[in-house]
Amino acid sequence: MNIAEIKAELPKLTFEEKAEIVQALGIQYDAWDLQMIEDGKPGGRLALLREEALAELRAGTAELWP
């Protein structure tokens with residue numbers, strides 16, 4: 001597989017799969033990165049905020065920024 005083929009496949013990966021690739025490349029996460037990964041998982045703080053925002057957007061009650 002060449003670089004162009006790899007790049008074409010990246011959008012198909014989940015965030016967690018992309019994080020695994022970064023780890024396999026030896027790129028180290030700092031504490032903030034690790035916390036964001038954890039918070040983005042289902043049931044995490046970031047995931048819950050995302051769900052709330054999407055619900056508000058779908059209900060038409062979200063305050064949109066210019």
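In this predicted model, helix α3 spans residues 31-40, and three of its residues, Ile37, Asp39 and Gly40, are buried. Looking down the axis of α3, these buried residues sit within an arc of 165°, so they line one face of the helix. What do the buried residues of α3 pack against? Their partners are two other helices, α2 (15-24) and α4 (45-59). As background, an α-helix has 3.6 residues a turn, so residues three or four places apart point the same way. The start of α3 has a detail of its own: a side-chain oxygen of Asp30 comes to within 3.2 Å of the backbone nitrogen of Trp32.

Now for the charged pairs. How many salt bridges does the structure hold? There are two. One of them links Lys12 with Glu9, and the closest N and O atoms of this pair are 3.2 Å apart. Lys12 has a relative accessibility of 61%, and because the cut-off for exposed is over 50%, Lys12 counts as exposed. Glu9, at 35% relative accessibility, counts as partly exposed. The other bridge joins Glu38 to Lys41, with 3.4 Å between the closest N and O atoms. Here Glu38 is partly exposed at 44% relative accessibility, and Lys41 is partly exposed too, with a relative accessible area of 31%.

A nonpolar patch of about 700 Å² is built from Met1, Ile3, Ile6, Leu10, Ile21, Leu25 and Ile27. One of these, Ile21, is found in helix α2. Is Ile21 buried or partly exposed? With a relative accessible area of 36%, Ile21 is partly exposed.

The last stop is the segment after α4, which includes Ala62 and Glu63. Ala62 counts as partly exposed at 25% relative accessibility, whereas Glu63, at 72%, counts as exposed. Leaving aside neighbours within four places in sequence, Ala62 is in contact with Glu56 and Leu57. Both of these contacts carry numbers that fall in α4 (45-59). How far apart are the C-alpha atoms of Ala62 and Leu48? These two residues are 14 residues apart along the chain, and their C-alpha atoms are separated by 15 Å. For Glu63 and Ala53, which are ten residues apart along the chain, the C-alpha separation is 9.6 Å.

Methods. Residues are numbered from 1 along each chain as its sequence is written. This is a predicted model: local features need pLDDT of at least 70, side-chain atom pairs count only at pLDDT 80 or more; totals for chains, interfaces and linings use all residues. Side-chain values use heavy atoms; hydrogens and water are left out. Buried means under 20% relative accessible area, exposed over 50%, partly exposed in between (1.4 Å probe, protein chains only). Helices (H or I, at least four residues) and strands (E, at least two) are DSSP runs, numbered from the N terminus. The arc is that of the directions from the helix axis to the C-beta atoms. Contact means heavy atoms within 4.5 Å. A polar contact is a pair of N or O atoms within 3.5 Å; within protein, one must be able to donate a hydrogen and the other to accept it, and residues adjacent in sequence count only if both atoms are side-chain atoms. Patches are made of residues with over 30% relative accessible area and no salt bridge: like charges are joined within 9 Å, nonpolar side chains (Val, Leu, Ile, Met, Phe, Trp, Tyr) within 5 Å. Accessible areas come from the Shrake-Rupley method with a 1.4 Å probe; for residues, only the protein chains shown count as cover. A salt bridge is a side-chain nitrogen of Lys or Arg within 4 Å of a carboxyl oxygen of Asp or Glu.
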